[in-house]
Amino acid sequence: MQQGDSTAAETNFRQALALAPRSIEVLNDLAISLVRQGKLADAVPFYRRALAVRPGDPSTTRNLALDYFKQEKYASALPLFESLSKGNPSDFQAADLAGYVRDYDPDDGDEEVEGEGVEDD
């Protein structure tokens, strides 16, 4: 997705999703357009749907992990960053972020992990 009007992009990706509801590219791009509008929580179901179509997809996993990270939902971000760094040991960004999240404990681990099961919206 190119830089531009994220609101218009969201509209276009929603229309594309109606035509191709299992397109991982459309699901990711729709989620990214939502993130660019500051709608981080709204993007999560689309990332999860993309992962239901292609489990373990590195780009989608990274996008979802970063979304959770930006929302400060560290317990949800950690297993995603860990799976990225485990799947690609040279992915230093994922390893660094996993380490940061692992060491950061704002509420003594009381945070509930989101997305235990993948739901199809």
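I began with a rule for angles: under 35 degrees counts as roughly parallel, over 145 as roughly antiparallel, 65 to 115 as roughly perpendicular, and the rest as oblique.

**Ground rules**

I am working on a predicted model, where local features need pLDDT of at least 70, side-chain atom pairs count only at pLDDT 80 or more, and totals for chains, interfaces and linings use all residues. Residues are numbered from 1 along each chain as its sequence is written, and side-chain values use heavy atoms, with hydrogens and water left out.

**Entry 1: the chain**

I looked up the secondary structure. The protein chain has six helices and zero strands. Helices (H or I, at least four residues) and strands (E, at least two) are DSSP runs, numbered from the N terminus. The order from that end is α-α-α-α-α-α.

Next I looked up burial. Buried means under 20% relative accessible area, exposed means over 50%, and partly exposed lies in between (1.4 Å probe, protein chains only). Of the 121 residues of the protein chain, 40% are buried.

Then I looked up contacts, meaning heavy atoms within 4.5 Å. I took those in the protein chain between residues at least 6 apart in sequence; 50% of them join residues at least 24 apart.

**Entry 2: helix α2**

I checked the length of α2, residues 24–36. The expected span of a helix is 1.5 Å times one less than its number of residues. For the 13 residues of α2 that gives 18 Å, and the end C-alpha atoms are 18 Å apart, so the two agree.

How many of the 13 residues of α2 are buried? I found ten, so α2 is largely enclosed by the rest of the structure. Among them are Ile-24, Val-26, Leu-27 and Asn-28. The cover over the buried residues of α2 includes α1 (6–19), α3 (40–53) and α4 (58–70).

I picked Leu-27, which sits in α2. Its relative accessibility is 0%, so Leu-27 counts as buried. Leaving aside neighbours within four places in sequence, Leu-27 contacts Leu-17, Pro-21, Arg-22, Phe-46, Arg-49, Ala-50 and Val-53.

**Entry 3: α3 against α4**

I looked up how these two helices pack. Axes are lines fitted to C-alpha atoms, for helices over the stretch in contact, and angles run from 0 to 180 degrees between N-to-C directions. The angle between α3 and α4 is about 155°, and their axes are 10 Å apart. That makes α3 roughly antiparallel to α4.

The crossing of α3 and α4 is left-handed. A crossing is left-handed if the near helix is turned anticlockwise from the far one by less than a right angle, and right-handed if clockwise.

Which residues meet? From α3 I noted several, including Leu-40, Ala-43 and Tyr-47, and from α4 several, including Thr-60, Leu-64 and Asp-67. The residues of this contact divide into eight nonpolar, three polar and three charged. Here Ala, Val, Leu, Ile, Met, Phe, Trp, Tyr, Cys and Pro count as nonpolar, Asp, Glu, Lys and Arg as charged, and the others, Gly among them, as polar.

I looked at one more residue of α3, Ala-52. At 38% relative accessibility, Ala-52 counts as partly exposed. Its C-alpha is 9.0 Å from that of Arg-22, 30 residues apart along the chain.

**Entry 4: the loop between α3 and α4**

Asp-57 lies in this loop. Is Asp-57 buried or exposed? I found it buried, with a relative accessible area of 12%. Leaving aside neighbours within four places in sequence, Asp-57 contacts Ile-24, Asn-28 and Leu-51.

**Entry 5: helix α6**

α6 has twelve residues and reaches 16 Å from first C-alpha to last, close to the 16 Å expected. Its buried residues are Ala-94, Leu-97, Ala-98, Gly-99 and Val-101. They pack against α4 and α5.

I then compared directions. The axes of α4 and α6 come within 12 Å and cross at roughly 30°. The two helices are therefore roughly parallel. Arg-62, Leu-66 and Phe-69 of α4 make the contact with Gln-93, Ala-94, Leu-97, Tyr-100 and Val-101 of α6. These divide into six nonpolar, one polar and one charged.

Last, I looked up Asp-91, in the loop between α5 (74–87) and α6 (92–103). Asp-91 is buried, at a relative accessible area of 10%. Not counting residues up to four places away in sequence, Asp-91 touches Arg-62, Leu-84 and Ser-85.
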